[in-house]
Amino acid sequence: MSRINKIKGFFDLFPPESTSYMFMEDKAREIFLKYSYQELRTPILEQTELFARSIGQETDVVQKEMYTFPDRKGRSLTMRPEATAGVIRAFIDSPASSSGGVSRFFTLGPMFRYERPQKGRARQFHQVNAEMLGEDSPYADAEIISMLWAYLQALGLQEMTLEINSLGCPLCRPGFDTELKHFLAGNDPEVFCEDCRRRSDSNPLRVLDCKASGCRDMVAGAPRIVDNLCQGCKEHFDKVLEILNSFNIPFKLNPFLVRGLDYYQRTTFEVISDDIGSQSAVAGGGRYDGLVKDLGGPEIPGIGFACGMERLALLLRGIREKPLDFYLAVLHQDAMHKAMQLVQRLRGKGYHGEMGFKIRSVKSHLRQANKKKVKTCLLLGLDEMQKNQVQVKDMSTGVQRAVSQDDVEQALGLVFQPRNNNF
Ligand SMILES: [Zn+2]
Ligand SMILES: [Zn+2]
């Protein structure tokens, strides 16, 4: 039979790579629960309109990158390209949206974008997301940013900078958009890239973070939104920066940070890391106060962030699962049942281990145990069975001794100590 290949742009995650992902997820749960964020799991598939309306028709994501297809009844469905829109849709559906309180959610999982597969870009990628709904205070911005910071520190990142900007609000943004359009219209259209020629009128803000060199040079002299904020936005932004300062979170104002999604207003941010070698954004987010209403819900403010797990995984390559505590080698078929009981008992007490189901020579078993890098190899043959014993071999020293089957736990050299994780 011919083999079935995986789909282009999709990847299988084997250990040790998958270990990094487990680590990221465990740390996310550990840190976010401390901040009272609860896990929300939303569907992978949503109606296409959800993303078109929230992310914005003019964005690259909606125009070029969505994984969209009709279902059997011809309805247009899209595999989520990001998490926030689905979280808001779910939130509006839930009683939480009419409770008047603050809701905090985090989500972990795969996202999908139909991009041309290239190095470092997969069509399925993974994100850690957090969203806070129902609070517009600058303290909320500072809280979620400091939670992100704590998370990235817990993953072991050291060389990080927070880049931050304010995108204004419906009061001050239109005036700035007009000013920016004027500025852009005063430039030779030839310097713009093809995308920006189109969006310099429809979505001028996006020109600010275009990576094309012509656009970048031209934008250097553009008006800055931070100089055009209304009083409310200015006070909000100043307060956020003041709190971040007091938390010793190093930040850099980046007036051209606009993020690729249309729904952001006021505070937007990215975390840039030097840990991977070249500077790259490992996380980003911002405030989206109009989004809940735009998606048919009440007027509720929100702020959130996303971390790209593929980028972070590059930093976590050294993370390995702890080796198994034991490998149990069965030397005779009649010892098999007893061996399995013993292994079950040890697992019940918190030890990690496996047994070999094939009857092999001692030598071949030890080779297996070595391959699995276990600390201790237990050997159980007929002789041991009769004496209610088991041979315990310390794989690092090679020292082997017979102990009573009742004392194996002690012999494993560990007082009972359940492991709370694998790392
Ligand atoms: Zn404003
Ligand atoms: Zn451009």
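**Reasoning through a two-domain model**

In this predicted model, the protein chain is divided into domain 1 (17-172 + 229-315) and domain 2 (326-411).

Q: How do you know how far apart domain 1 and domain 2 are centred?
A: Taking the centres over C-alpha atoms, the separation comes to 49 Å.

Q: What share of the 423 residues is called buried?
A: To be buried, a residue needs 20 or more other C-beta atoms within 10 Å of its own. Buried residues make up 36% of the protein chain.

Q: Why is the set of residues around Ile144, Ile145, Leu148 and Leu152 called a nonpolar core?
A: The name calls for buried residues of kinds such as Ile and Leu, joined through C-beta atoms within 7 Å. The largest such core has 81 residues, and Ile144, Ile145, Leu148 and Leu152 are those with the most contacts inside it. Helix 5 (residues 138-154) gives the most to this core, with 9 residues. Apart from it lies another core of 22 residues, among them Val343, Val374, Cys377 and Leu380.

Q: Which residues does isoleucine 144 contact, leaving aside its neighbours within four places in sequence?
A: A contact requires C-beta atoms within 7 Å. With those neighbours set aside, isoleucine 144 is in contact with Ala130, Met132, Ile303 and Phe305.

Q: What makes strand 1 (38-39) and strand 8 (251-253) edge strands?
A: Let's start from the strand order, which is 1-5-6-11-10-9-7-8 in an open sheet of 8 strands with mixed pairing. Strand 1 and strand 8 each have a single partner strand, so one side of each is left without a neighbour in the sheet.

Q: How do you know that strand 10 (residues 280-287) and strand 11 (residues 302-308) pair?
A: Pairing needs at least two bridges. Strand 10 and strand 11 have 5 bridges, in the antiparallel sense, and therefore count as a pair. Glycine 285 stands opposite phenylalanine 305 in strand 11.

Q: Where does helix 9 (residues 231-246) lie?
A: Helix 9 lies across strand 7 (160-166), strand 8 and strand 9 (265-273), and runs at about 30° to strand 9.

Terms used. Residues are numbered from 1 along each chain as its sequence is written. Chains are lettered from A and ligands numbered from 1 in the order in which they are written. This is a predicted model: local features need pLDDT of at least 70, side-chain atom pairs count only at pLDDT 80 or more; totals for chains, interfaces and linings use all residues. A residue is buried if 20 or more other C-beta atoms lie within 10 Å of its own, exposed if 12 or fewer, and partly exposed in between; C-beta atoms are placed from the backbone. Helices (H or I, at least four residues) and strands (E, at least two) are DSSP runs, numbered from the N terminus. Two residues are in contact if their C-beta atoms, placed from the backbone, lie within 7 Å. Axes are lines fitted to C-alpha atoms, for helices over the stretch in contact, and angles run from 0 to 180 degrees between N-to-C directions. Domain bounds come from an automatic or database domain assignment.
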